[in-house]
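Dear colleague,

Please find the structure below. My notes on what was found in it follow directly after.

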Amino acid sequence: MTDPDDLFDQLDAAEAVTSDDRDTIESSVDQPEADALRKDAGSDQVKPEPETTDSSTNRDTGELTTADAQSSQRTNGRCSVGPTFSRTSTHVAECRFCRLRLDDKFDASAHEGTCPSERVAHCRYCKHPITRRADLEAHLNGCEAYQTAQKRAQHREQTSEPVEDESFNDQEVEREAEDEEEEASRLFIDPQPHEFHAYLKWDCSHLDNPLRSYFGLNSLQKEHDFEKHGRLRTDVEIDGDDWAVEFGFKGCGIAPRDDPSFRLDEVREYLVYVYPNAYSSWSDAKKEARKRAYFRISPRWPNIETVEGARSMSNPCDIEGYDIEMEGANWDFEQYPHILQRALASLADRQGFRFNSPTPIYPEDFAPEAAHSSSNIVDAELYVRVTDGKTGRVIAYDGTIHRISLLLSGDREGYAKTIRDDRECPGHYHTATIGSMRARDLIGGHTLAKEIKHYYMRNPDAVEGTELENPKIGVSFQNSIHDETLYWDDLDQLERELDETLLNVLEWSDIPVRPDSQFYVADDYFEVEGSSRWRKLLRDRLPRIEEKQDAQVFGIASQMNETDAELVDTLLTDGGTTSPKDLAQAIGVHIDTVYRALKRLGPVVEHTYGEVQIASKYIAQEVTGYIDSVKDSIHEGLEGALDGLFRAETYGERDDPWTRWLDRYGGSIRQTEGADPDRLDVGFRPADFREARRLLREGAARWAEVTGERIRRFGFEFAPVVKLVDGTMYAPKNFADALGKPG
């Protein structure tokens, strides 16, 4: 059983990293203008400390002295505020996490340990955040998850039960540590919600009249003269601002309900528009990308039918109530049902201007918490606006967006696409789309199909000189290629995945994930502000994915037989959907032969649901460079067989790693006279020098394994010659140096 005191013993034994002697959030920034303003205002009450012999700053250079550098070491991870400050500083301290400058010792002490930018530790058992000021022992005493873990450990010790593997093995832990740089609660830039589209449903069958609000909307329609005045317009206050509310209707093709209570000859859908009061219409507000919301209210009942000629109406849950399409921009996603309620309340206030007893509208029928479980989301986007010229790593040909699509998008999947539109300006509209399966390859635990994009305004010249001239980086949900329905109840998952993907794209593109006014530009809706939240940040996985796919291509290409090469060549050159049966007919072999080839080619070829495709666009690109070399090597098989016979006669018939390497890569050895090393020609053609060196190092390792010699001796025994795919010859003169120094 683990003693909680041991945790603190480990802290006491840790190497000192700070000292209580120095202020680790000290500032040496001189601000004479701000200092003068404070003096004039009578607020600058902090007097500088008298100069001491071990002053923190050299008088002539302003650099830290050796003694001062030693005294600024940190102890126990604490950020302490001591009595010694920079002689030239006009501030008492500067927080090393958020760079806030503090003019008062008491403010500095209060700020210490409470900075929202400081990373927060989390209990390994219950994941509760723990600040530096928290009492760890007190937390463990009250942590139910910790107590449960201790009881399990004690039970295993008493019963001598084998310890179950409740975690990864060492190799998996190491791999996980490499993949996931951090998963912590810290200050992150807050993205702005942008486009949103959902279908929310309300089942009101518990009411005496489930469609009472629909009849209320119909009553309001009959009160207003649409032909003379157009849509009915009123006002509503939301979040302290005045908004215009427009009311309209349209035909929908639903047949009137065969029920005595339904006395309408025609069924209509009712339209509600919410937009800034300063605009004369919804269209004008949308044209200028203003904050807005739109609701299409459609009635539903069991066994609903449509009129002749109209497409059938869906009501899979047989609800009796409403199906409401919600669409808009720049509101927080969870606000839309609340906006609907407020808009309906404002319309209810307009009832009765013509009828003495109108059928009322009941906004409470659309309570957000009462939305039906089948309510679903079809589109949502989060974005940040980044300073123009700071997004080069995002949009470069080898940048983040292009590499995501290249490495993670299947070659034949319909949704696998990259868009690069630079007609208006460089980086005008760049996107990468990945499906559900690829989303989890990019960030573990993600399941939502997404589009990652970088884009400017439609007409960049029209907004030159304004904040809108700067590009947006956004991540949106892609319902059309998502494997399953994304329900309204999954809103938290949606926001987390979009937020994490956006933050990781920024991180991989060398754009800070914290609020930074040098990188981010505020607009009418996006603000350069941050909040502390739990988000998963990873090391850039793209180089690791690329390296893995390089190794897969290299390993498979070197072992292809004729059927494999023909199959891959067909996949590379033949468009459209391809099945194993189509492949068998195309290359003239039995379908069982195709299935065996697909099994061998597993890492680079995907076979799912009767469709065959190259695993990614990047793999397709790399395999293209190999395929001609592989086919040439196969056609030259007779020469390779003769080389094998020569080796058998020279070295004897052996089945060892070195011989297998020679056979696999078409290696032939030509003996030379004197002390010169034998010439080693390699028949296989790598794509570049890096792969050529890797191939030769593998051969050297196999030779050393068989002979018992040091691997560097290989460079003195053989003079290797490798021809690349593009015809370039790789024949290093001092290959022994590439194999490392002798031990």
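Among contacts (heavy atoms within 4.5 Å) in the protein chain between residues at least 6 apart in sequence, 70% join residues at least 24 apart. This is a predicted model, in which local features need pLDDT of at least 70 and side-chain atom pairs count only at pLDDT 80 or more, while totals for chains, interfaces and linings use all residues. Residues are numbered from 1 along each chain as its sequence is written, and side-chain values use heavy atoms, with hydrogens and water left out.

The protein chain has 25 helices and 23 strands; these are DSSP runs numbered from the N terminus, helices being H or I of at least four residues and strands E of at least two. Of its 743 residues, 45% count as buried (buried is under 20% relative accessible area, exposed over 50%, partly exposed in between, with a 1.4 Å probe and protein chains only). The accessible surface comes to about 39,300 Å², and 45% of that belongs to carbon and sulfur atoms. Areas are from the Shrake-Rupley method with a 1.4 Å probe, and for residues only the protein chains shown count as cover.

Salt bridges

The count comes to 25 salt bridges, a salt bridge being a side-chain nitrogen of Lys or Arg within 4 Å of a carboxyl oxygen of Asp or Glu. Arg212 and Asp365 form one of them, at 2.8 Å from N to O. Arg212 lies in helix α8 (residues 212-223) and Asp365 in the loop between α11 and β12 (376-385), so the pair ties together parts that are 153 residues apart in sequence. Asp365 is buried, at 7% relative accessible area.

Lys450 pairs with Glu497, their closest N and O atoms also being 2.8 Å apart. Here strand β15 (residues 450-455) supplies Lys450 and helix α15 supplies Glu497, so parts 47 residues apart in sequence are tied together. Both Lys450 and Glu497 are buried.

Within helix α15, Arg496 and Glu500 are four residues apart, about one turn of the helix, and their salt bridge has its closest N and O atoms 3.4 Å apart. Arg496 is partly exposed at 28%, whereas Glu500 is buried at 3%. Separately, salt bridges that share partners join Asp190, Asp499, Arg533 and Arg535 into one network.

Negative patch

Which residues gather in a patch of negative charge on the surface? They are Asp235, Glu237, Asp239, Asp241, Asp242, Asp332, Glu334 and Asp492. Patch residues have over 30% relative accessible area and no salt bridge, and like charges are joined within 9 Å. Asp and Glu count as negative, Lys and Arg as positive, and His and the chain ends are not counted; the place of a charge is NZ of Lys, CZ of Arg, CG of Asp or CD of Glu. The elements giving two or more residues to the patch are β7 (232-238) and β8 (241-251).

Backbone and loops

Most residues other than glycine have a negative phi. Asp239, in the loop between β7 and β8, has a positive phi near 55 degrees and is exposed at 57%. Asn330 also has a positive phi, of about 75 degrees; it sits in the loop between β11 (321-329) and α11 (336-350) and is buried at 5%.

Ser509, in the loop between α15 (491-508) and β17 (530-537), is buried at 2%. Not counting residues up to four places away in sequence, Ser509 touches Arg393, Val394 and Thr400.

Regards

Terms used:
Patch = residues over 30% accessible without salt bridge, like charges linked within 9 Å, V, L, I, M, F, W, Y side chains within 5 Å.
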